[in-house]
Structures are given as C-alpha cells and as structure tokens.
Amino acid sequence: MLNFRKEERLTNKKIINSLFIKGSSFFIYPFSIKWNIITATFKFPSQILISIPKRNFKKAVDRNKLKRLVRDAYRINKSILSESISDSDKKFVFTLIYTEKEIVDFKLIHEKIILILQRLLKEHEKIAK
RNA sequence: ACAACAGUUCGUUCUAUCGCUGCUUUACUUAGGUGAGGGAGAGGAAAGUCCGGGCAACAUAGAGCGCCAUACUUCCUAACGGGAAGGUACAUUGAGUAAUUGAUGUAACAGAGAGUGCCACAGAAAAUAACCGCCCCGUUUAAUGCAGGGUAAGGGUGAAAAUGUGAGGUAAGAGCUCACGUUGUAUUAUGGCAACAUAGCACAAGGGUAAACCUUAUGGGUUGAAAGACCAAAUAUACCGGUUGAUAAGGGCUGCUCGUCCAAUGCCGGGGGGUAGGUCGUUAGAGAUUAUUGGCGACAAUAAUAGUAGAUAAAUGAUAGAAGUCCUUUUACAAGGAAACAGAACCCGGCUUACAGAACUGUUGUUUUU
C-alpha cells in the first residue's frame, strides 16, 4: 500500500492549532518534528502536515519541489507506522518542518524520514504501555 | 559569411516502475464507498498586481465643493492610462556644395497674455536689472573727485542676462524708427476628417519652471471570489405541539374564599437562525486555430475545425534508463558536466519585469566570391 490520499493529510484547523500548542517535539536534521496523539475516527493511523517555511524559500517553485520530495519519501516509508499501530483508536498527528535553507537530495530525505518514523514508533510504544 | 538592431515563433523528447487530482465507462454494495479499464492534467510570462472590463454584493433624488486619474490628432476596441496610423518638437545617422530629403529613436506633447511661489554656485543684477563703462548737468579756475540724472551698445559670470543683423537716429543710447529675419497670438485663403502645413495680413515680443501649487477640459459610487448564493451534522436553543406533573410556592380573573387559567420539571416530536463540513459561483469564453474578404494598419466580418487543467493547509510528482542540444578534455572512439526565468487559484484584454538556448524574417554595416 503505497497510496497517499487526501485523508492522510492534516487539514483540520483545530487539530493543527492543538498540535502546535500541546504537541511534543524533537529534531532530526533537516527536519523539526512536532507530534501528538489524539482520539479520532478517520481511517488511517496517522495524519501528516508538511511545512516548508516561506522565509527560507521565497520562490513557489522551490517550495513545491521540496514538498513533493518529502511527500514521496513519506509515501514510500509510511508502512513502518501503519503496520504496528493499525488497530488502535489513538491516532498519530505530526508535522514535518523543513529547516535547511537549500534543497537537498532525495536520498538524504529518504534516509531521514525512515529515522523519524522509527523514532515516532518508539514514542508510541511508550505511551501505549 | 559575420556583427548590431528590430520583429515573429518555440521554450527538450521517449520508455519502465510507484503514486496524486478531476472526468468517464463498468462490476460489487442498502447508502456511503471499494475494485478494474479508458482518457485529461501549469506558463510565455501562470510572476508584479500597474491599468481596463465582465461578474457579484452593498449604496444611490438632484446640484455644488473637495479628492484621484488622464492630457497633440484621428481611428481600433467591451473598455483602457493599451494599440494602429498620422502631426509637431528634439536627437542620432545616410545622401547632397547647399537648400533640402531618407531612415531610426525619444516626448506627462493642454495652459507660464489668470494668480502665487521657486531659480544652487558664480555674477552688479535671476526679474519692478546700473558694478565697471558711456553721456548730460551741478559744484570747482580746470582736471581728478563728489552729488544728481540718462543709458541695456560694450565688459566679465552663468544652464539661462531681456528678439538677431544692418542702416537711420541720439548728448550717449535704446524696436525709438526702417529693411530683411526669428518667435508667439489672432485672423483670411488653399490642402487635410483632424492635429497641422503653406501663403498673406494685423498686433506683440520683459527668461525659465506646471513630474511646484494652480487653471482649463474629460472621466471616476464603494468593496472584491476570503465577492456572493444554497444545503447542513454535533452541541446549545428562540418558538410551537404532545406527554408528565407535587396539591408546596408564585402570577392573572377578585375586596376575600372557592374555582379556573398560566407557569415551573423531565421526556418525545416539530422548528428557525446557524458552527464544523459540503455544493454552486468555477471554467464554452468580448475564446482558440485555419482560410477568405474588407482596411495603409490596429482590427472587423464570414465560413470551417477541434473540445483543451480545475486544486482548496491547495493535484499536475518521484526513481531509474535512453535519445537529442550545448560546453570541456580527446586525433578519434569515448568520458565528465550543463539545460534558463519560473508554478494556475473567478475569468478576460493589455502593460511592466525575469529568461539558458533554438529557428525564421527585415534593416544597416564589414569582408569574400561571381
């Protein structure tokens, strides 16, 4: 299942606000991650928000390109999360904020996304216990 | 052939795997949805948001003042501050002894005979000009000097100094007068739709600056798709109906008692506004392409053709490979590298700005060959 549908994107304003106020956070280069666990009814185990600051990338073309790279990396690797926590009521909500000021390789992003997802999985296990 | 300038067109292509957003066909499903197939999916500027228009909501008796914008003429257009053709002025350049003329470019190109303001430095003086000089007169024996006056011909300064040259005239001078010019205004004739041009006649000539205020003429209601229209969970609930309801307290009918009505609580149903969310607006249009006709041209008319993005924390992508183009290295094979500016957001017409490279057309210049 390498889909990436609209339901997997974080679009609800209230959830976004609560994420930025209450969410925990950590940092893996070049991303800063904020995450939270909520009870919700949507189908997928997680919702994601990819954020590229306009301050670092003034041109819309660059922001689009980065967003697509990150999204594709997530799409390929998201099974790490979905296999372990598919049947829980608690849903993952997290945001990736790109902090580097230049565009990096797809391969690097790919590796880092795997690291991030593994870290998130550990956090989830802690809470589950 | 090369270079410069101007204009027009284009803005890498293909394959495989994994995806994204609409559309459509079909199977399953109570519905919601799920699966499979097909086909579509960023630009010449999508950008800046600088003008104009459509569309929408709100406002709106009429007039004046204010504010903003525009400013040679005619035409094009839905409209424009855009475009086309032309006029005028200036600049560059080619031809020519010259008069003149060809080409290209630039122009906030109405008014400085309405008023107010400003004009650095230099200079006597920057706008009711007297520093030097020239001349007259007074004083003095006379000269110098001093006092009073006339004078814009000469001097130097400056971006700019009071209409140029010549003659007359005068104490010296001066458009003071005259001739030939220059510029402006009014007017007549001819040509032109007009701006304007040419010729005549009259009057005037005491600077520049309106992207300083201003005057004149013309135009402008405000806000923008986050406009606006509709549907509508959950929760709370105006209001309505039903049901429940203690013989307690309260209010109306009354002076009092009884009686009766209202109301208080919970539940059920209806119901309005309306939040999350959704649908429409929203992509067939002052459209595009091709041909013909009309027009110097912008453009218009007619006919034919195809159906061509529609997201909403926002799709149009990622990976791998191949081909072509350009650059570097190399005799070559080949190897390495590069590919600009930039991402639709209601829709059109323009303008402005950014842009690797490619192709074509025209003009000018240089060189070579015939």
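Biologist: Which exposed residues does the face of H2 turned away from its buried side carry?

Modeller: That face carries Val-61 and Arg-68; exposed means over 50% relative accessible area, buried under 20%, and partly exposed in between (1.4 Å probe, protein chains only). This is a predicted model, in which local features need pLDDT of at least 70, side-chain atom pairs count only at pLDDT 80 or more, and totals for chains, interfaces and linings use all residues. Residues are numbered from 1 along each chain as its sequence is written, chains are lettered from A and ligands numbered from 1 in the order in which they are written, and side-chain values use heavy atoms, leaving out hydrogens and water.

Biologist: Which residues of H2 are buried?

Modeller: An α-helix has 3.6 residues a turn, so residues three or four places apart point the same way. In H2 the buried residues are Arg-63, Leu-66, Leu-69, Val-70, Ala-73, Tyr-74 and Asn-77. They cover an arc of only 130° around the axis (taken from the directions from the helix axis to the C-beta atoms), which puts them on the same side of H2.

Biologist: Where does Ser-24 lie, and which residues does Ser-24 touch?

Modeller: Ser-24 lies in strand E1, residues 24–28; strands (E, at least two residues) and helices (H or I, at least four) are DSSP runs, numbered from the N terminus. Not counting residues up to four places away in sequence, Ser-24 touches Ile-33, Lys-34 and Trp-35, where contact means heavy atoms within 4.5 Å. Ser-24 counts as partly exposed because its relative accessibility is 35%.
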